Amino acid sequence: MEIDSSTPSSSNGNKDASSSVSSRKRRFDETDENVEKKFVAGSNGEQRRKAVCKFWHKKKKFGFVVLQDTEEEVYVHKTQIKTFPLMLNEGDSCVLSAIRNDKGKLAAVDVHVDGCELANAEAGKLRALKKIAEMKQDKPPVFSFKFSSESTLDSKEKIAKAVSDYEMKITPWMLSWLKKNQVPREVKRVCQLLQRELERAAQDTAVDSEEFLGIVSSMGDIVSDQLMKRKQARLAVSDSLKNKHRRLEKQVAKASEAQQAAGGESSATSENKCNATSAAQTGSAGATDQKMTRLQGLKGQGPVEALKAIIKEFGPLSKKHLSAIYQKVTGAGFKATHGVPVTHILRENNTTFKLSRDKEWSVSS
């Protein structure tokens, strides 16, 4: 069996691929001095030339434009676009400088797309702040219950259809500010609650009556208000935890500097703190029992009042400790008693409770 010597081996293919990648990198890793020498001027001698996008590969972030004066094709890479967003669409007009690369082909540098602002750090910060402000003001979609008089659906089917339509509207709205894995659960909870209340109201009044439509309007306002509070609480928590790692690094740096300045005294101080902590833990058992005794009437209170009573007795606590204390005092879980988890109550009542940097909840003053 003869092997065709003209067919390259796999190793040669890998070398060719790596060399092409390195050549593409060198194409834009050039100094300003080299770029100035390779500028290709237009038909009238101008350095900045107008072009129109012919093709753009969104996944690979490159494309080709056609120069207006000579109708030549020029290669454009994302790294050479100086406006935001860092991409082109077919038909976009732009201004660029053309150079001749190592292979003798035209490539674009310093590309400015018409109608787009410069992509610098300050502009990026302003866009991010503007997006956050718009997201905070964006209100949830309104629940509507509209059916024609010729509809053959019964009352339960009409309610289910209206809730299903609302679910499709509310899902993308929640995706704009809530984590993707939490959205289905939250949407399901809201829609089930809404459907249950509407079905209960439909037992007393006809779904086509003015009274039922008034109930639907008030229920829609209540749901929108609760969702807006949930969103504001979530955004507040996200803002407070956004720079958490940076703050912790600063605290660790300050602690290490203080320890170095203290020298040998730091070890003695830490021993004294440990002794004081152990003594406090030994003597606090009786005080904890007294606090538990004062919270015996916790089960008859509402969820907000119960959490406020626990925090007033024990001070700032994490959601895990709040749930554990409630279960120990009442003998039943918080969610099993009130139908919602502790986190939901804390975040929806963000004016009553506030979250510290240590992830502990306290009562707002």
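Visitor: Hi! Where does Lys61 lie?

Guide: Lys61 sits in the loop between S2 and S3. Strand and helix names here follow DSSP runs, numbered from the N terminus: helices are H or I with at least four residues, strands E with at least two. This is a predicted model, where local features need pLDDT of at least 70 and side-chain atom pairs count only at pLDDT 80 or more, while totals for chains, interfaces and linings use all residues. Residues are numbered from 1 along each chain as its sequence is written, and side-chain values use heavy atoms, with hydrogens and water left out.

Visitor: What is the phi of Lys61?

Guide: Positive, about 65 degrees, although Lys61 is not a glycine. Most residues other than glycine have a negative phi.

Visitor: Which other residue has a positive phi near 60 degrees without being a glycine?

Guide: Glu71 has one. Glu71 is in the loop between S3 and strand S4 (73-77), and it counts as exposed because its relative accessibility is 65%.

Visitor: Back to S2 and S3. How many residues are between them in the hairpin?

Guide: Four residues separate the two strands, with Lys61 in the turn. S2 and S3 (residues 62-67) pair in the antiparallel sense over six bridges; strands count as paired if DSSP finds at least two bridges between them.

Visitor: How many bridges join S2 to S5?

Guide: Five, and S2 (residues 48-57) and S5 (residues 93-100) run antiparallel. Here Ala51 has Cys94 as its bridge partner in S5.

Visitor: Let's zoom out. How many helices and strands are there in the protein chain?

Guide: The chain has 12 helices and eight strands. Of its 365 residues, 29% are buried. Taking contacts (heavy atoms within 4.5 Å) with a separation of 6 or more, 57% are between residues 24 or more positions apart. The chain exposes about 23800 Å², of which carbon and sulfur atoms supply 51%; these areas come from the Shrake-Rupley method with a 1.4 Å probe, and for residues only the protein chains shown count as cover.

Visitor: Which residues touch the most other members in the largest nonpolar core?

Guide: Phe143, Phe145, Met174, Leu198, Phe212 and Leu227 do, in a core of 26 residues. H4 (155-175), H5 (183-202) and H6 (210-241) each supply at least two residues of this core. H5 gives the largest share, eight residues. A nonpolar core, by the way, is a set of buried Ala, Val, Leu, Ile, Met, Phe, Trp, Tyr and Cys residues joined through side-chain atoms within 4.5 Å.

Visitor: What does Leu227 touch?

Guide: Leaving out residues up to four places away in sequence, Leu227 touches Pro140, Tyr166, Ile170, Trp173, Met174 and Val190. There is also a second, separate core of 21 residues, which includes Leu307, Tyr326, Val329 and Phe334.

Visitor: Which residues are buried in H9?

Guide: Val304, Ala306, Leu307, Ala309, Ile310 and Ile311. Their cover includes H10 (319-330), H11 (334-338), H12 (342-348) and the strands S7 (353-355) and S8 (361-363). H9 itself covers residues 303-314, and its 12 residues reach 17 Å from first C-alpha to last, close to the 16 Å expected; that expectation is 1.5 Å times one less than the number of residues. Gly315 follows, with a positive phi near 85 degrees.

Visitor: What is Trp361 in contact with?

Guide: Beyond its neighbours within four places in sequence, its contacts include Ile311, Pro316, Leu322, Leu346 and Phe353. Trp361 is in strand S8 and counts as buried because its relative accessibility is 7%. Lys308 is 53 residues from Trp361 in sequence and 9.9 Å away in space, C-alpha to C-alpha.

Visitor: Last one: which backbone oxygen does the Thr330 side chain reach at 2.7 Å?

Guide: That of Tyr326. The Thr330 side chain also reaches the backbone oxygen of Ala332 at 3.1 Å. Thr330 is in H10 and is buried, with a relative accessible area of 14%.

Key
Buried < 20%, exposed > 50% of the residue type's maximum accessible area, 1.4 Å probe, protein only. Polar contact = N/O pair within 3.5 Å; in protein donor to acceptor, adjacent residues only side chain to side chain.
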